[in-house]
Amino acid sequence: MGQIDPTVGDFTGNSLKIVDFARRARSEGAVLAVFPEMSICGYPARDLVEKREFVARSWEAAQQIAEATKGIAVICGLVTAAQADSGKSVMNSVAFLREGKIEFVQSKMLLPTYDVFDEARYFAPAARQDLFQFAEWQVALTICEDAWNDKNFWPRRRYHVDPVELLLGAGGNILINVSASPFSIGKRAIREKMFRNFAVLDHVPVIMVNQVGGNDNLIFDGGSFAMAQDGRIVAQAAAFTEDLVICESEEFLALPGKKVPATAYTRVHDADRIRDVEDAYSALVMGTRDFIRKCGFQNVLIGLSGGIDSALVAAIAVDALGKDHVIGVGMPGPYSSKGSIEDARQLSHNLGIRFEIISISEIFEAYKCALQPVFSGTKEDLTEENIQSRIRGGILMALSNKFGAMVLNTGNKSELSVGYCTLYGDTVGGLGVISDVPKTMVYQLCAHVNAEREIIPRPTLLKAPSAELRPNQQDTDSLPPYDILDKILDDYVEEFNTADEIATRRGYDLELVRKVITLVERSEYKRQQAAPGLKITDKAFGEGRRFPIAQKTEV
């Protein structure tokens, strides 16, 4: 199982990685090396697949890999040209390479078009699925979604056809699935349960090889595994890192003990969704590392306010890139507390990162002076608060331009949901590291960071959240407490429940729920201008949640 981290469009680099892993596997005595979905070109390639040269280069790379891996058979993902009468120019495919040749090609039949997926936009579906023989195996070779339609597992199926059922019904005696299955909290467990259903009910061994790494907002957790016919995992790759795992085929046939009973799918809720904090943190670290590296940057800038959100992002950045590649910038204003600056300084010391302080007070006064003739006769309000935020955003972007470092945005999902942020101010940045992390989970992740020693200062964890843009300001001046807000947002954003349903289920005041929902709907224009963010929940803002900006929703 060659669990690799491909870069989209890097045919040379991806091919070299596949060849290297395959040769290493061959040196360990392996006879077959399996790689993830679209591993030659990277997933998701989006509109790149509409370029003819992209498709041609994918096929050429497969031929080169076949030639370079003689002595071991290879299964790897690529894109191939579609039939002219399909209406689409390309297919999502997987190739079986042996002794210098592309011996067999299977294409994806089920093309997901929900959440972050839009494969029907690009690919023609396979008209049929075929087995191929390898050693004593009749191989049922499938691509990611092709295995996600089992009637024995899902209470409601998305498709009328089940490729796995067709292939196993035709005599397949081993199931191999190559995937680029994105991470979300709780999904690893669901994935294992789903494939265990195939192993136990159809009495076949299963190999699932998943992509690892970050590509744009998507994070792929890896966790590839080989599963025996009784549902036992006999070999498993590490999560959130590249890995090469050798599995003896004899292990597939050994069936000691009782069979594992099939387990029905149940949706992950509340505490279950945030239970695996360690996985969520690892995903954010890997996603940040790959985004920065694959975009060609080495260094990052973070505005450190002394608050918990920027502290968490700084800790993630250091684990992702190393302390020498992270710069913290404190930008105190007229309402910043002394404690906030000291907390930011202590955090930087604990992390070992460079810390710079640039006051915005004089710049803020210059703004007000310049605007005074036009603002004459008006009272200070949200306008002046936003000016402070936009000054800070401008400073960070100036430093970014000067030193070639990407700004990491520090806004969390709760704030982004209700628009508690300033356009062109605290929304600036190249990547929203925690934009899919609810505020309540921010505290859990910080506890994970501090598990072995105090990195995030204790006062940062204990202080009431505040933007510090006016005297004695607290977030609860504008929002419900975050433990209440996050439950409402979870019910509305992820479950699409109505205000009445949420109020009844949670026992909350109906008008409060309506107020929160109204804030969510009115802030769509902000979210669509925000930095791309790393997805770790079932429903993240961005391409997986597509709502019109100009609309009127009755709450």
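The buried residues of α17 are in contact (heavy atoms within 4.5 Å) with α12 (413-418), α15 (482-494), α16 (499-506) and α18 (524-527). The structure is a predicted model, in which local features need pLDDT of at least 70 and side-chain atom pairs count only at pLDDT 80 or more, while totals for chains, interfaces and linings use all residues. Residues are numbered from 1 along each chain as its sequence is written, and side-chain values use heavy atoms, with hydrogens and water left out.

Helices are DSSP runs (H or I, at least four residues), numbered from the N terminus. Helix α17 comprises the 13 residues 510-522; at 1.5 Å a residue it should span 18 Å, and its end C-alpha atoms are 18 Å apart, which agrees. The expected span is 1.5 Å times one less than the number of residues. Buried residues (under 20% relative accessible area, with exposed over 50% and partly exposed in between, for a 1.4 Å probe and protein chains only) of α17 are Val-513, Val-516, Ile-517, Val-520 and Glu-521. These residues cover an arc of only 135 degrees around the axis, which puts them on the same side of α17. The arc is taken from the directions from the helix axis to the C-beta atoms. An α-helix has 3.6 residues a turn, so residues three or four places apart point the same way.

A disulfide was defined as a pair of cysteine sulfur atoms within 2.5 Å, and the count by this rule is zero. Cys-41 takes part in no disulfide, the nearest cysteine sulfur, that of Cys-76, being 10 Å away. Cys-41 is buried, at a relative accessible area of 0%. Cys-247 is likewise in no disulfide, with the nearest cysteine sulfur, that of Cys-76, 20 Å away; Cys-247 is partly exposed, at 24%.

Salt bridges (a side-chain nitrogen of Lys or Arg within 4 Å of a carboxyl oxygen of Asp or Glu) number 34. One of them joins Arg-98 and Glu-103 at 2.4 Å, N to O. Arg-98 is partly exposed at 28% relative accessibility, and Glu-103 is partly exposed at 44%. A salt bridge also links Asp-309 and Lys-439 at 3.0 Å, N to O. Asp-309 lies in helix α8 (residues 308-321) and Lys-439 in helix α13 (residues 439-449), so the pair ties together parts that are 130 residues apart in sequence. Asp-309 is buried at 9% relative accessibility, as is Lys-439 at 2%. Salt bridges with shared partners join Asp-5, Asp-290, Arg-293 and Lys-294 into one network.

Definitions and conventions. Helices (H or I, at least four residues) and strands (E, at least two) are DSSP runs, numbered from the N terminus.
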